[in-house]
Amino acid sequence: MLTALHKHRGLFIAGCIAVFIIILLSVKSFSTLVNAEERYTIQLVSEQPTGDLKRIEPEKYNGKIRKIAYLTFDDGPSLYQKSILDVLAQHDIKATFFLVGPNVANHKESMKRLVKEGHYPGLHSMTHNYKRLYQEGQIAVEMKQVQAIVQEVTGVKANLTRCPYGSMPGLTKPLRDQLVADGFKEWDWTIDSLDWKFPGNPNAVTHAVLSKVSKNVEVILLHEKEQSLQALPAIIEGLQNKGYDFEVYNENAHFSLNFWHDNRM
Ligand SMILES: [Zn+2]
């Protein structure tokens, strides 16, 4: 009798544990699904500090040196992309986007519009995962994958990449050799807005950008985030007041802009 009771109690506890594990597993897989997009947009560490990019030559226009700003938006497409395109259209400005492959499927219409309106669909990997891209050396593989996805949706085969977290220190010589062999270029930036640090504070994003502007050519790192969208009109107007024109990345007029000063890319 006593043995039978013990046996049943054991079965009951085992059953409870099994049910608990099943519930745990299903909750986890559901949240994985829900967060699939968010996962790709998380910034794990500060993207790199800015480098001094000596390779950029000033351009002259009507005898005066033209000051040019490139606005770049990383980690999209996101739910803010459509509104970012609206602001850019209102100001008649073209920008450069660096896209994460798995996000593209969720924003196909916006991606088609992005290209149709003259913006550049640059490449920003599939996983945005430092270990996978740099330590496991998957960066060229992932850039080819996102290139194919962007081409399928927009018809544009883009060759300009931006390395997640910047090319320094992750993109070592062997990895740069692979990107070069596959025909890719790589752009870092001259101004980091640090926008991801300032949720709910677009003024801080605007200040972070405008306070750092000094060179004749500035490439400004932003992300497809709410505070960056909200700061965008003030950033554009601030740069215009400082005498800057805006340009979009042009593969036919490529200039080298990476922290390694590797002029092959
Ligand atoms: Zn990124």
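## Basis and overall make-up

The model is predicted, and local features need pLDDT of at least 70, while side-chain atom pairs count only at pLDDT 80 or more and totals for chains, interfaces and linings use all residues. Residues are numbered from 1 along each chain as its sequence is written.

The chain holds 10 helices and nine strands, where helices (H or I, at least four residues) and strands (E, at least two) are DSSP runs numbered from the N terminus. Of its 265 residues, 39% count as buried; a residue is buried if 20 or more other C-beta atoms lie within 10 Å of its own, exposed if 12 or fewer, and partly exposed in between, with C-beta atoms placed from the backbone. Among contacts between residues at least 6 apart in sequence, 80% join residues at least 24 apart, a contact being two residues whose C-beta atoms, placed from the backbone, lie within 7 Å.

## Strand β2 and its partners

Strand β2 (residues 64–76) runs parallel to strand β8 (residues 217–223), to which seven bridges join it, and Y70 has V219 as its bridge partner in β8. Two strands pair if DSSP finds at least two bridges between them.

Four bridges link β2 in the parallel sense to strand β3 (residues 96–99), with T72 partnered by T96. Strand β9 (residues 244–246) is also parallel to β2, through three bridges, and D245 of β9 is the bridge partner of I68.

## Helix α7

Helix α7 (residues 139–154) has 16 residues and reaches 22 Å from its first C-alpha to its last, close to the 22 Å expected at 1.5 Å a residue, the expected span being 1.5 Å times one less than the number of residues. Its buried residues are I139, E142, M143, V146, Q147, I149, V150 and V153. They lie on the same side of α7 because they cover an arc of only 165° around the axis, the arc being that of the directions from the helix axis to the C-beta atoms.

On the other side of α7, A148 and E152 are exposed. After the helix comes G155, whose phi is positive, near 85°.

## The nonpolar core

The largest nonpolar core has 54 residues, and those with the most contacts inside it are L99, L123, V146, V150 and I220. Such a core is a set of buried Ala, Val, Leu, Ile, Met, Phe, Trp, Tyr and Cys residues joined through C-beta atoms within 7 Å. Leaving aside residues up to four places away in sequence, V150 touches L99, V104, P121, L123, V156 and A158.
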